[in-house]
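Thanks for asking me to look over this one with you.

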Amino acid sequence: QVQPQESGPGLVKPSQTLSLTCTVSGGSITTSYYAWSWIRQPPGKALEWMGVITYDGYTYYGPSLKSRISISRDTSKNQFSLALSSVTPEDTAVYYCAREETHGSSWWAYWGQGTQVIVSS
């Protein structure tokens, strides 16, 4: 069973960078043709797909976040990471990492449990 797991600080101050790491067990992030996504859900709002990094290292970001988001990976640790700059309280959300079966499929079979991040001073 593939198991992604999110980790990182639960509190971030406004204007700072929100940084999270997804550690994947049970499967390699370099296995074709999977892609690895960050998805978030603000309180009371719908799930929002943020961006993805493919098995071969290509990134694609949601238009509304493109100016602030960066996804990277460390294949030696089987991890990929999220950096979201210039955060505001509107970035408060539960953040998930998940495996998309191929980029563009919109089928995320394996999800992390999610981690709450609060943006507040």
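1. In which sense do β1 and strand β3 pair, and over how many bridges? β1 and β3 (residues 18–25) pair in the antiparallel sense, over 5 bridges. Here two strands pair if DSSP finds at least two bridges between them. To find one spot in this pairing, look for Q5, which stands opposite T23 in β3.

2. A word on the source before going on. This is a predicted model, in which local features need pLDDT of at least 70 and side-chain atom pairs count only at pLDDT 80 or more, while totals for chains, interfaces and linings use all residues. Residues are numbered from 1 along each chain as its sequence is written, and side-chain values use heavy atoms, with hydrogens and water left out.

3. Now widen the view to the sheet. Its 4 strands form an open sheet in the order β1-β3-β8-β7, with antiparallel pairing. β1 (3–7) and β7 (69–74) stand at the edges with a single partner strand each, so one side of each is left without a neighbour in the sheet. From one strand to the next, the twist averages 20 degrees (axes are lines fitted to C-alpha atoms, for helices over the stretch in contact, and angles run from 0 to 180 degrees between N-to-C directions).

4. The protein has 0 helices and 11 strands. Both kinds of element are DSSP runs numbered from the N terminus: helices are H or I with at least four residues, strands are E with at least two.

5. Next, the cysteines. A search of the whole structure finds 1 disulfide, meaning a pair of cysteine sulfur atoms within 2.5 Å. This disulfide joins C22 to C97, with 2.1 Å from S to S. The pair links distant parts of the chain, 75 residues apart: C22 lies in strand β3 and C97 in strand β9 (residues 93–100). The link of C22 and C97 is right-handed, with 70 degrees about the S-S bond.

6. Are these two cysteines buried or exposed? C22 is buried, with a relative accessible area of 0%, and C97 also counts as buried at 0%. Buried means under 20% relative accessible area, exposed over 50%, and partly exposed in between (1.4 Å probe, protein chains only). Of the 121 residues of the protein, 38% count as buried.

7. Finally, the overall dimensions. Along its principal axes, the C-alpha trace of the protein spans about 40 × 25 × 25 Å.
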